[in-house]
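Q: I would like a close look at the aromatic rings in this model and at what surrounds them. Please keep to one connected account.

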Amino acid sequence: MISTIAIRHTAGALARRNVRNLQLTCLRPRATAGAGIANFSTSPQKDEQLIFMPPNLKIDTRTSASPFAGLEKVGARSDEPEDDEENNAEGIESQLDELEISEEDDDDDDDEGEYYSLENKPEVSYAIPLPERLHVPIIHFKDGSEVGTIHLSSEAFGQDPIRTDILHRCVVYLRNKKRGKRNGGARTKTIGEVSGSGKKVRNQKGGGTARAGHKRPAHWRGGAKAHGPKGSIQDYTTKLNKKVRKMGIRMALSQKLKEGNLILVDNFDLGTYKTNAVQRVLTSIAGIGGKEGISGFFVDHVIDDENENEEESLVTSLGGVDINLMAGCKNIPRTSVTNQQRVNVMDLLKHKKLVMSLSALEKLEERYGD
């Protein structure tokens, strides 16, 4: 049977909760029109300069996903009752006294909210819609000036929406491929693998010894190992269809263009392999490299002209990449240089900027375009 004390305790808890909800409802100030205060649940109007964060909303304002990111805190909210609500507040206080509810029970509910100013709110950058997004300028690599424009392939660079599931499958495939096959460790020989004849070593009976067949049993010297380690090779590679891998490249290229992180240059012919010269050019074009710079992924396609005098010919590329660019980027952090054949989803997503030459663009559009 339920005791009388338990019934009184339950009834008191329910009454305390109902009165607390009533108190919060009555003491909450009403927002008046034209007061210049924007609630978090509503979009701020043009004349509103403040946004309020309720005390029960626990959001870290430092995260970029927070609606208060980049806003300046201006003050806290004062819960002072208005003139027309004083009578209700006095009645509630009398009810609280009758129920003997202390103010310590409502510490969490009496916390004041915070106001944030909308004056310094960062502007939201929106992606250029298709097909205008496919019209991209061409940058001169040496001085950073615009030398022309080009219209990209909609099949290779115009995928919308971006399939993140395809990108995830490609990344998992590349990571497993990088792990490859590994040796499992020690491996002992079984009876079928150890060297030795299968001939019966002695007669079945009459010798006074144990019966024996071949001379390779596990308890004999030079025999096999019973239940030893198998040491099978661990294969971490997984299968992914070629069409899905091509689709992942298209999604990654389209994402770079949508973010505005795709830079097209006429060529990477800088004329020098000095790291300082290459660093100055990369910083002026897109802020790539350096101690506080962003990461960059360079894709090139260079074919050397055939020359009869191989000894006198000048080597301008190595592995399909401009040799000066490859040598100059060796000591620049957060930069990678590759040819158009080795472009993969993981490298495209790992680097912030994608810098591509026109020759590499032509080959990529030929392979992943229409």
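Which ring does the charged end of R179 sit over, and how far is that end from the ring's centre?

A: The model is predicted. In it, the charged end of R179 sits over the ring of Y236, at 3.8 Å from the ring centre.

F52 and Y115 are both buried.

F268 and F298 form another aromatic pair, with 6.1 Å from centre to centre and 80° between the planes, which is an edge-to-face arrangement. F268 lies in the loop between strand 9 (262-265) and helix 6 (275-286), while F298 belongs to strand 10 (residues 296-300), so the contact ties together parts that are 30 residues apart in sequence. The relative accessible area of F268 is 2%, so this residue is buried under the 20% cut-off. F298 has a relative accessible area of 1% and is buried too. The pair is also part of a cluster, in which ring pairs link F141, F268 and F298.

From the rings, turn to the open space in the model. The second largest pocket has a volume of about 350 Å³. It is lined by 15 residues, and those closest to its centre are R245, I249, V343, N344 and Y368. Helix 4 (164-179), helix 5 (242-259) and helix 9 (358-368) are the elements that each give two or more residues to this lining. Sorted by class, the lining has seven nonpolar, six charged and two polar residues.

Helix 5, one of those contributors, has 18 residues and reaches 26 Å from its first C-alpha to its last, close to the 26 Å expected at 1.5 Å a residue. Its buried residues are V244, G248, I249, R250, M251, A252, L253, S254, K256 and L257. After helix 5 comes G260, whose phi is positive, near 80°.

Note on methods: Residues numbered from 1 in each chain as written. Predicted model: local features only at pLDDT ≥ 70, side-chain atom pairs only at ≥ 80, totals over all residues. Heavy atoms only, no water. Buried < 20%, exposed > 50% of the residue type's maximum accessible area, 1.4 Å probe, protein only. Phe/Tyr/Trp six-rings, centres within 6.5 Å; stacked < 30°, edge-to-face > 60°. Helix = DSSP H or I, 4+ residues; strand = E, 2+ residues; numbered from the N terminus. Lys NZ or Arg CZ within 6 Å of the ring centre and 35° of its normal. 1 Å grid on protein atoms, 1.4 Å probe; cavity = no way out; pocket = protein on both sides within 12 Å on 5 of 7 lines; lining within 4 Å. Points joined across faces, edges and corners; volume = space filled by probe spheres on them. Nonpolar A, V, L, I, M, F, W, Y, C, P; charged D, E, K, R; others polar. Expected span 1.5 Å × (residues − 1).
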